[in-house]
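Visitor: I have a model open on my screen and would like to know where its labels come from. Could you walk me through a few of them?

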Amino acid sequence: MISWKIFFRNASVIFLHWHKYMNTYNLESDLLLVDNLNYQGQKIDIFLSTNRNVDLNALENLCDAVGWVRRPFRKVKIAIEHSFLTISLFYHDNNSPKLIGFARATSDSAFNATIWDVVIHPSFQGHGLGKTLMDQIIQQLRCSDITTITLFADPQVVPFYKDLGFMTDPDGVKGMFWYPR
Ligand SMILES: CC(C)(COP(=O)(O)OP(=O)(O)OC[C@H]1O[C@@H](n2cnc3c(N)ncnc32)[C@H](O)[C@@H]1OP(=O)(O)O)[C@@H](O)C(=O)NCCC(=O)NCCS
């Protein structure tokens with residue numbers, strides 16, 4: 001197991017930096033999430049950002065790395081702009097940010113939110129980053145008093161989400177989909 005430690009500088013500091021009751025969220029500065037992660041013989045620090053000015057090429061590369069089908073840039077840009085919350089995880093390589101994780105949530109800002117596009121680069125999977133990313137999203141949605149958080153899980157990741165407290169078909173409620181024919 002790679003030796004690493006996650007530390008939140010101070011959970012209450014994170015909380016204070018979130019702008020409650022606003023339609024958009026922005027941390028005032030990037031948050032150091034993991035320090036000294038041993039990656040390919042170097043020690044790297046991993047940061048969390050809620051800046052929605054996401055590098056779309058970097059996001060596409062990240063999604064390619066986990067084998068997701070490509071989506072038109074124009075639509076991805078609109079989706080991000082209209083998301084309630086986006087979270088990016090990155091490290092610096094020669095002062096250039098390298099995106100290694102991403103997730104976003106859409107919301108009616110009152111009752112419901114849905115989490116989309118949860119991804120950790122394969123080189124960084126299995127070290128708790130996916131769980132941390134999800135914990136952060138849930139924490140911030142709860143700060144907005146949102147009580148119903150949903151997502152659509154690929155079959156192979158259902159256990160990952162169940163461990164985080166998500167339920168399939170609670171009280172027999174079924175997710176239903178409509179697609180153009
Ligand atoms: C799913 C994903 C985000 C998990 O990220 P990760 O950083 O590897 O996950 P973590 O290291 O935080 O794992 C947390 C826990 O979930 C478990 N877990 C991770 N992936 C899992 C999987 N696919 N199935 C079952 N359990 C899983 C881990 O074993 C770990 O358990 P532990 O706390 O008992 O040790 C990542 O594997 C990924 O990006 N996959 C490809 C994209 C994808 O499928 N996204 C979800 C679309 S619905």
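Guide: Happy to; we will take some labels in turn, bearing in mind that this is a predicted model.

Visitor: Why is Gln 40 called exposed?

Guide: Gln 40 has 6 C-beta neighbours inside 10 Å. The label exposed applies at 12 or fewer, so Gln 40 counts as exposed. You will find Gln 40 in the loop between strand E2 (31–39) and strand E3 (42–49).

Visitor: And why is Asp 117 called partly exposed?

Guide: Asp 117 has 18 C-beta neighbours inside 10 Å. Exposed needs 12 or fewer and buried needs 20 or more, so Asp 117 counts as partly exposed. Asp 117 sits in strand E6.

Visitor: What makes the phi of Asp 117 worth a remark?

Guide: Most residues other than glycine have a negative phi. Asp 117 has a positive value, near 55°, and Gln 40 has a positive one too, near 50°.

Visitor: How do you know that E5 and E6 pair?

Guide: Pairing takes at least two bridges, and six join strand E5 (residues 96–107) to E6, so these antiparallel strands count as paired.

Visitor: What makes E6 and E7 a pair?

Guide: Four bridges link E6 to strand E7 (residues 148–151), in the parallel sense. With at least two required, E6 and E7 therefore qualify. Thr 114, for instance, has Thr 150 in E7 as its bridge partner.

Conventions:
Residues are numbered from 1 along each chain as its sequence is written. This is a predicted model: local features need pLDDT of at least 70, side-chain atom pairs count only at pLDDT 80 or more; totals for chains, interfaces and linings use all residues. Helices (H or I, at least four residues) and strands (E, at least two) are DSSP runs, numbered from the N terminus.
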